[in-house]
Number of protein chains: 2
Amino acid sequence: MNAPDKFVSLLTLTREPFPASCKGAIVGSRPDLRVPVRDVSLTNGEVISLYDTSGPYTDPMAEIDVRRGLPDVRSAWIAERSDTESYEGRLRAVLDDGVKNGERMSSAEDARIASLRAQAAALQRTPRRAKSGANVTQMHYARRGIVTPEMEYVALRENGRREWMAEYQADATREARLRGNPMGASIPKIITPEFVRDEVARGRAIIPANINHPEVEPMAIGRNFKVKINANIGNSAVTSSIEEEVDKLVWAIRWGADNVMDLSTGKNIHTTRDWIVRNSPVPIGTVPIYQALEKVGGVAEDLTWALYRDTLIEQAEQGVDYFTIHAGLRLPFIHLTANRMTGIVSRGGSIMAKWCIAHHQESFLYTHFEEICEIMKAYDVSFSLGDGLRPGCASDANDEAQFAELRTLGELTQIAWKHDVQTMIEGPGHVPMHLIQANMDEQLKHCHEAPFYTLGPLTIDIAPGYDHIASAIGAAMIGWAGTAMLCYVTPKEHLGLPDRDDVKQGIIAYKIAAHAADIAKGHPGARSRDDALSKARFEFRWQDQFNLGLDPDTARAFHDETLPKDASKVAHFCSMCGPKFCSMKITQEVREYAAAGMSAKSDEFKAGGGEMYIPIQPAAPQSP
Amino acid sequence: MNAPDKFVSLLTLTREPFPASCKGAIVGSRPDLRVPVRDVSLTNGEVISLYDTSGPYTDPMAEIDVRRGLPDVRSAWIAERSDTESYEGRLRAVLDDGVKNGERMSSAEDARIASLRAQAAALQRTPRRAKSGANVTQMHYARRGIVTPEMEYVALRENGRREWMAEYQADATREARLRGNPMGASIPKIITPEFVRDEVARGRAIIPANINHPEVEPMAIGRNFKVKINANIGNSAVTSSIEEEVDKLVWAIRWGADNVMDLSTGKNIHTTRDWIVRNSPVPIGTVPIYQALEKVGGVAEDLTWALYRDTLIEQAEQGVDYFTIHAGLRLPFIHLTANRMTGIVSRGGSIMAKWCIAHHQESFLYTHFEEICEIMKAYDVSFSLGDGLRPGCASDANDEAQFAELRTLGELTQIAWKHDVQTMIEGPGHVPMHLIQANMDEQLKHCHEAPFYTLGPLTIDIAPGYDHIASAIGAAMIGWAGTAMLCYVTPKEHLGLPDRDDVKQGIIAYKIAAHAADIAKGHPGARSRDDALSKARFEFRWQDQFNLGLDPDTARAFHDETLPKDASKVAHFCSMCGPKFCSMKITQEVREYAAAGMSAKSDEFKAGGGEMYIPIQPAAPQSP
């Protein structure tokens, strides 16, 4: 099939609702505040309601046309605040797409791209910005005591529906045994809008929501909220197309990406981003230096503050919700990497290092940081302060280069907060298990509880092709320790550009890590979904077991491989052991047996002076 | 193709040597003590030598015929000890294969199985046992101060070749920064045969090596040795064939399984096991109660000590190296599971629970434990004391049922040690991250440092289809904490019987977990392979990067997907960023730049009174 047909067919597949699921909404204090949930109907009549990142795509009632973009969620809220204005926006340049004047592609490719660009231009909204002197960040409102609709949205979203969880309330003994260890986090039982406001005000959480991205369904990144995950997409100079990237976005949020970063490089960066932002219900992040470098033909030394600044405004107008800015990579830190096993592995970091050395000057991102804050607060773009000196292998972990930069990110956080600009901090990377906790400790110490956003970390280096697993281990551990968002790693890490299936594999691995962290922290309600699935498993409700999993399709397909008949979906045994050997089946028989006979037998035995039934001993000590 | 052809072709694939690798041997104090290693030749002339579990299969010089079994490694060592005798062995019964007298299958199937049985009978060695009054366990020798060839073999194997690691020796500063946290383990820099003897003598390590499995290449399971992994194979009543299981064995050890458990149920258990043991260079474990249950037609109540005992001898004669025996599941503990979310999920555990309740009697495994020890020491079969009450979901983790059984396993360990029988302890299962450490603490406290052997644990319950990942997280953490062997979980867990690819996926996930644990513990030399791969990555030696990974085939295939040309294997860029955007390439340029200019610039700057170059600060605090 040709490319557009392929695109449409991919998107159709991607839009299919999850099995036994329907899109629901929790309506807030105003009718236009509708927080999405996914309600899963079980075969026993229960309805389990889940956090949902998939946007309108999984709603069969929603009319989706990627050429028109998603419906608007927040425009009214933004308008009501009366602190923004629409304006013409900066003048477009062909260079925005990395094309030099006069440069030509093949005529067929030219025509295709021209058409996509024309459509993107039609997609693009008229940009808004803060009125002169205004500050439109969620942090600014929060610090003035204002609970925005975005904050209320986040509160409702974090709580979700709770009614169904009553079925899975544990008794006090079990609750004491299973109690989480929040590792210093302060997670309330119920998230109130006021709690969200307070967390945003003190910088412990951010709500990435550019005023030019009104399609976004607000979400929070912070240590006292559910652990979030980010998926990276983006074309590159070597491969991939715009259509594929939009499809990957929709695919990524279907499987649970809370945020998506567009890391496109090469040609058509601007156009690709228009398509992605207008079709994204989740916050979009970028690394603006990538586009800036394209504009100077890939020659890092030719970068200038003026050109970079213009790129920030270009992307802020498009609606990018957070920028990775490697402003902590300072000239004096660069020599600290000289003896590293793998030097500087961050793309943005290596570009800036090259610039600094070529000019023998301090980084313009550092020297112009307050000017950057001025741009951020005019659009409510959040900082994701980049770790340009993150380790690229286990042996470079936790070295002075890394931690010198981290301390600088802490200083910059204070400056950003002076401007009420929302800020999170990026972290590594490659870190063996025993060095992970120190990363969190240092971050908390120097960055004042600004949300930590780590890539992995990968716990070993010898698993190319499986780095999603090598890093999910580290991600789960650092998520438990307090990291607010985990940037996924796909099986293609270090090897190639992830395709659709790689994106899914990376996301599922990271949903596992994030959920494991939520449970370890004792996030209220986090365990209920596990309990519902375990109960379904124990009661041989196979369909429910599949449908409550992170990936119902794969679970069902795996079961079908061994026992394809529909009848086996209600069978009281599974393919591992066969009909007469199932431990769960035997356990159920044991239970009935025990319920009937245990009490009488016990009395009889006790009367005989026996001590067959030992009393339940005090619970064994738990890890702290 | 028909079944035998398929088998031969699978095995051919499985036997292909790893890329750029050749089988080497470290020769010990006697010429017949040859410890296998895999030597990987890099494109830069280095040779990296790796631990190798694949047996003769990956040696192109080895003549392999699964109908004849593997060459003998240990017969001379066993014979020299003069404490065993060969004997006729117990009388075979058709019931050994789960076939009742007079029962018939289809005639085609009958013929096929009859042929496999005849071949198996030819395969089987004449059994040996301890001479009257003798004890032939490695622990017994160790406690008498004897260093056996098996112990020397293990020492050489754990050390491997070390010469190549000199290239990756870290300086003192880096070493201090990266120093592992052994969490109480006592790992020497070099493993001596005497150290192995001492670890085995005190019960802190076992060398599973039945005298009737002379094909085994000895290995150790213990907290002060490399963390090992176990792969489960086995046909079931529902699916799978003998040929497939032998192929899975060879496939599993190719990818790094240190031990394999044959969990077959249903028909042909005895014949399948003959094939597996005779073709296995790694220790084989079983759960004898599975076969015993088949012999009584699946009716747990009909089990008897006599029948079970006979089954132990049957399997000991075949050469099984360790038995999972759920002797800690006592009658008084059963009611502790009544309020569990998922009751008893261990197959062996549920069978014994049913038996105990049906008879209202203490488990015959518990009451006859000393008699079992007598059998174990006559063949040197090791105990793997089973956790029949392990939790089947996160909410059942660390409950009194589980820990009451664990304490009993500790008591039984003391009894086993009284008989000098090698013993390890099985552990869970399903445990959220924050409850993992307590499992290790309790095990160490009650089981006197006998090696811990855990299944996962799975950290969450909502990942059917991905439980290898959900459990690799827990496995890495508990491995770091001190678990000696990790039982793998495949993607098919809870859903179906793993096929060849699932086995590989499970093994790779667990090699990652085990290696992450070795690195966190600071196992000497563990990091060197990572360093070699990272250096290859940094230097764009793509082939070396693939070949040093856990799965060269997949790494190479992933790279080929994006950049299939051979030229790109030597290209100084990768598919993620393209030629002008590669951070590693830029870093190399930065380094040259820095090396040339930094010193001069620095002097110039300092002369000017600047403080651009900060001194390296003291290392930041590490996690304990």
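Helix axes here are lines fitted to C-alpha atoms over the stretch in contact, and angles run from 0 to 180 degrees between N-to-C directions. The model is predicted. This briefing covers one helix pair in chain A and a set of aromatic ring pairs.

**Helix packing in chain A**

- Helix 3 (residues 107–123) of chain A packs with helix 9 (residues 269–278) of chain A at about 45 degrees. Their axes lie 9 Å apart.
- That angle makes helix 3 of chain A oblique to helix 9 of chain A.
- The crossing of helix 3 and helix 9 of chain A is left-handed.
- Helix 3 of chain A contributes A:Leu116, A:Arg117, A:Gln119, A:Ala120 and A:Leu123 to the contact. Helix 9 of chain A contributes A:Thr271, A:Asp274, A:Trp275 and A:Arg278.
- By class, this contact of helix 3 with helix 9 of chain A has four nonpolar, two polar and three charged residues.

**Aromatic pairs**

- Over all chains, the count is 22 aromatic pairs.
- The ring centres of B:Trp251 and B:Trp255 are 5.6 Å apart. Their planes stand at 85 degrees, so the pair is edge-to-face.
- B:Trp251 has a relative accessible area of 9%, so this residue is buried. B:Trp255 is buried too, at 4%.
- B:Trp355 and B:Phe364 also form an edge-to-face pair. The distance is 4.9 Å centre to centre, with 85 degrees between the planes.
- B:Trp355 is buried, with a relative accessible area of 6%. For B:Phe364, also buried, the value is 3%.

**Ring cluster in chain A**

- A:Trp305, A:Tyr308, A:Trp355 and A:Phe364 are linked into a cluster by ring pairs.

Terms used. Residues numbered from 1 in each chain as written. Chains lettered and ligands numbered in written order. Predicted model: local features only at pLDDT ≥ 70, side-chain atom pairs only at ≥ 80, totals over all residues. Heavy atoms only, no water. Helix = DSSP H or I, 4+ residues; strand = E, 2+ residues; numbered from the N terminus. Parallel < 35°, antiparallel > 145°, perpendicular 65-115°, else oblique. Left-handed = near helix turned anticlockwise from the far one by under 90°. Contact = heavy atoms within 4.5 Å. Nonpolar A, V, L, I, M, F, W, Y, C, P; charged D, E, K, R; others polar. Phe/Tyr/Trp six-rings, centres within 6.5 Å; stacked < 30°, edge-to-face > 60°. Buried < 20%, exposed > 50% of the residue type's maximum accessible area, 1.4 Å probe, protein only.
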